[in-house]
Amino acid sequence: MALLPDRRALTALAYQLGPARYYQPAYRFIAADCGIERGSFLDVGTGPGWIAIRVADGRPEVDAVGIDTSEAMLEYAEANKAGRLNVTFRKMDAVNIVYPSGTFAAAVAVQAAHHWTDPAAVFAEVHRVLEDGATFWVYEADPDAEVPADWIARRGPFPPDAWVKRQWRQYGMAADRWAALKATAEASPFGPDIVDETHGFYRRLGCTK
Ligand SMILES: C[S@@+](CC[C@H](N)C(=O)[O-])C[C@H]1O[C@@H](n2cnc3c(N)ncnc32)[C@H](O)[C@@H]1O
């Protein structure tokens, strides 16, 4: 019998108590800029669910779906959803998205790509489930970014800049890995016209079908 919670449960708890709180402004900015007002939205690697929730908020014609492989994360996502009717969370791997081709009007993956063991398969699968003309935005924290004042919610001096930067260095994506991810996107069915830009403290790739 296990006496200690497993590693995934501890990771989910740490994320729910930390980043999922102080990145709330970032989630709102990402939701505002993902280009959807109606239709189905996919949040790939939803974690505690906030991207899907913020995209659904104030958009009654959006049906937001968050997928994740971690049951522990999805339990927090269900709690954070707080009864919203236009958000659904499902346990699903991004390399095998159990929705018909052409289902989604937009998709986003935030801080998830650094976990992907087969990013080419993720790009191909998200491309399949998007409508023609829809965009998949892939975000990773930029370890070299400045700490923007308005993208992070603070209580008094917490979290301090030095702590935030340490997290970005630890979990963000260094330039060489980012370039490799972009090359994978360019070689995917999305083709060579991939947008690569800064958004807040993230870099993001815009992959349009
Ligand atoms: C660091 S969390 C980010 C959560 C959320 N997007 C956010 O920014 O708050 C990354 C999440 O991606 C999930 N994940 C990693 N690989 C995945 C895959 N292949 N399919 C679905 N989810 C995946 C992990 O389980 C984890 O919950």
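## Starting with exposure

A residue counts as partly exposed when its relative accessible area lies between the buried limit, under 20%, and the exposed limit, over 50%. Glu37, at 48%, is therefore partly exposed. Do keep in mind that this is a predicted model.

## Strand β2 and its neighbours

Let's turn to strand β2, residues 62-68, where 6 of the 7 residues are buried. On one side of the pairing, β2 runs parallel to strand β1 (residues 39-44), joined by 6 bridges; Val44 has Ile67 of β2 as its bridge partner. Together with helix α4 (residues 50-56), β1 and β2 form a right-handed β-α-β unit.

β2 also pairs with strand β3 (residues 87-91), again in the parallel sense, over 5 bridges.

## Salt bridges

The structure has 11 salt bridges. One of them joins the side chains of Glu37 and Arg59 at 3.6 Å, N to O. Glu37 sits in the loop between α3 (24-32) and β1, and Arg59 in the loop between α4 and β2, so the pair ties together parts 22 residues apart in sequence. Arg59 is buried, at 11% relative accessibility.

Arg54 and Asp57 meet in another salt bridge, at 2.7 Å, N to O. Arg54 is buried at 13%, whereas Asp57 is partly exposed at 28%. Both belong to a salt-bridge network that includes Arg84.

Within helix α5, Lys81 and Glu78 lie 3 residues apart, about one turn of the helix, and their side chains form a salt bridge at 3.8 Å, N to O. Lys81 is buried at 16%, while Glu78 is partly exposed at 39%.

Notes: Residues are numbered from 1 along each chain as its sequence is written. This is a predicted model: local features need pLDDT of at least 70, side-chain atom pairs count only at pLDDT 80 or more; totals for chains, interfaces and linings use all residues. Side-chain values use heavy atoms; hydrogens and water are left out. Buried means under 20% relative accessible area, exposed over 50%, partly exposed in between (1.4 Å probe, protein chains only). Helices (H or I, at least four residues) and strands (E, at least two) are DSSP runs, numbered from the N terminus. Two strands pair if DSSP finds at least two bridges between them. A crossover is right-handed if, with the strands pointing away from the viewer, the path from the first strand over the helix to the second runs clockwise. A salt bridge is a side-chain nitrogen of Lys or Arg within 4 Å of a carboxyl oxygen of Asp or Glu.
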